[in-house]
Amino acid sequence: MTAAPLSPSRAIHAGARLSVGLLAGIPVLLLILATLGALSQTTVEGLPVVPWQTLWSLPLDRWVRDIAASLVLGFVVVGGLLVPRVDQRLVRMASLAALAWLIALLAQVPLTVSELLGRPLSDSLEPQIVLSLLTQTQLGQLLVAQIVLVSFVALLGWVILGRVTAAIVLALAATAAGLTGLMGHSGLHSGHTSSSISLAIHLLAVGVWVGGLIAVCSHVARHPKDAAVAIRRFSTLALVCVIVLAESGLLNASLRVDGVASLITTAYGTLILAKATLLAALIVFGWRQRRHVVPTGDSTSLVRFASYEVLLMGIALGLSVALSRTAPPAGAIAGDRITAGALATLALALPLVIAWAWPARQGWLSRLTAGYPEPFAVALAVVTYVVAAVVPSGLLGIGVAAVLASVALVGVGWAFCVAALGPRGLPALVLAAVLWPTALWLASRSDPVETGAQVALAGAAGLACLAVLYFVRRGARVVTPIDPVREEVPVA
Ligand code: HEM
């Protein structure tokens, strides 16, 4: 196996450059919360009015907390336990990340007081109130436990000398990260043990996977000789994390969302759908990385693949914090409308991942769509409009209607994506970029339930998928319908 070294300057900055991709989560988080109205003050009589500064700061603080926790877990696992020799630089970075985590936890105290009591931030540090929060509420006690644990992690990070100290620091950090699972929607209701435990496991898997990927890139860029071993070991670890993450996430989601209908007709369900789609895309990236990077131990390819993965992980983390700030659904009833976000995810995002994942398996569909791809763009817009109109009618019952609508959207979306990836696909892509947002807009006008901003955000997400499809098309090599032996030709 050969390890291709990066140039010294690129090596030093590999981890830092990758981490920048995580910032993609901030605009995603803020845009979603803004369109859901979660950043504006409400004036419901009898409820405390939460200041806008708190509404903006709390999700950002949670985002910093989740990212910092992920970096700590990943850097300790990789730097202290996974690589052939302990990487002191990575464990020092874990310690710095723990400092950021600690600051986020400390900031959470006045922010929580401000949110619970509707007080301005400047009045939320009153010692009496802070003490009551920290000693008399479950949330406060969990916060104190986390603050203590993370302080130890930040300090001990500087004294990691070998595997044993690394394992101790990891145990402390994992306990602190797991406690977050008891604080979200899952933890603050009694009797939701499985929900809390599954969320804790979910967060650990997220941390080791996201932080570990950045850590392993940073390590192999500085130690190319270790690349083959480190990449192989991390690849196995990442596989385990993804399986655990998907299972725990789906279990947690199944406890909050009662079926496909709630998944596609509520904001909470739509965010889960979008996260699952991003996870599917990440699995495809990971699978390709296993095939192309693991056998060669090539650190340059690793960092290139990882930069796309970290970007998607950043978006997934932004969606996750938005999810944790969104009320879980009460249950779907006949008359509920499919959300614009679910239409974008089912008609474009998920089909895009499917078409990209199995290009060779859709030869028959490529042959069908290659000659006349434009009708598939029209069908995509028509089905989107019809589905948006039919689901709320309650025809066949909301559950069956939701399943049929989802299957129809993914089916037509997949056919369109294959058509757009074909040799004559460009006009179909352009046609869809005009027709699909129009269909979404017309559907939302007929019985407006969502705000214009929500529909516009979903439209923008759909257009972003079409832009990605364009770039996949440019880079892809597709199966020509003419060649029965699956000769691969580049798309012009
Ligand atoms: C099948 C895919 C997934 C499902 C079904 C899923 C589901 C969930 C659910 C139900 C929650 C609880 C939210 C609440 O408190 O109400 C959650 C939280 C979370 N998820 Fe996922 N998830 C998935 C994938 C991912 C991915 C790919 C990431 C990141 C790379 C991720 C990161 C997180 C984080 C950080 C939280 C905690 C957010 C917070 O409380 O600040 N999840 N997830």
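Guide: One cut-off before we start: a charge sits over a ring if NZ of Lys or CZ of Arg is within 6 Å of the ring centre and within 35 degrees of the ring normal. Also keep in mind that this is a predicted model.

Visitor: Fine. So which residue lies over the face of Trp-287?
Guide: That's Arg-291, at 5.3 Å from the ring centre. Phe-305 has a charge over its face too: Arg-304, at 5.5 Å from the ring centre.

Visitor: Now ring on ring. How many aromatic pairs does the structure hold?
Guide: Four. One of them is Phe-285 with Tyr-308: the centres are 5.7 Å apart and the planes are at 10°, so this pair counts as stacked.

Visitor: Where do those two sit, Phe-285 and Tyr-308?
Guide: Phe-285 is in helix α11 (residues 267–292), while Tyr-308 is in helix α12 (residues 299–324), so the pair ties together parts 23 residues apart in sequence.

Visitor: Phe-285, buried or exposed?
Guide: Buried, with a relative accessible area of 13%. Tyr-308, on the other hand, is partly exposed at 45%.

Visitor: Which residues form an aromatic cluster with Tyr-308?
Guide: Phe-285 and Trp-356; together with Tyr-308 they form one cluster.

Visitor: What about Trp-364 and Trp-414, how are they arranged?
Guide: Edge-to-face, with 6.1 Å centre to centre and 75° between the planes. Trp-364 belongs to helix α14 (residues 363–370) and Trp-414 to helix α16 (residues 398–421), so here the parts tied together are 50 residues apart in sequence. Trp-414 is partly exposed, its relative accessible area being 23%.

Visitor: Switching to domains. What does the assignment give for the protein chain?
Guide: Domain 1 covers 8–324 and domain 2 covers 340–490. Their C-alpha centres lie 32 Å apart. On the contact itself, domain 1 puts in 17 residues and domain 2 puts in 19.

Visitor: How much area is buried between domain 1 and domain 2?
Guide: About 1,500 Å², and carbon and sulfur atoms give 81% of that.

Visitor: Which three residues supply more than any other three of the area that domain 1 buries?
Guide: Thr-35, Ile-264 and Thr-277, which supply 34% of what domain 1 buries against domain 2.

Visitor: And how many salt bridges between domain 1 and domain 2?
Guide: The count is zero.

Notes:
Residues are numbered from 1 along each chain as its sequence is written. This is a predicted model: local features need pLDDT of at least 70, side-chain atom pairs count only at pLDDT 80 or more; totals for chains, interfaces and linings use all residues. Side-chain values use heavy atoms; hydrogens and water are left out. Rings of Phe, Tyr and Trp (its six-membered ring) pair if their centres lie within 6.5 Å; planes under 30 degrees apart count as stacked, over 60 as edge-to-face and the rest as tilted. Helices (H or I, at least four residues) and strands (E, at least two) are DSSP runs, numbered from the N terminus. Buried means under 20% relative accessible area, exposed over 50%, partly exposed in between (1.4 Å probe, protein chains only). Domain bounds come from an automatic or database domain assignment. Contact means heavy atoms within 4.5 Å. Buried area is the accessible area (1.4 Å probe) that two parts lose on being put together, summed over both. A salt bridge is a side-chain nitrogen of Lys or Arg within 4 Å of a carboxyl oxygen of Asp or Glu.
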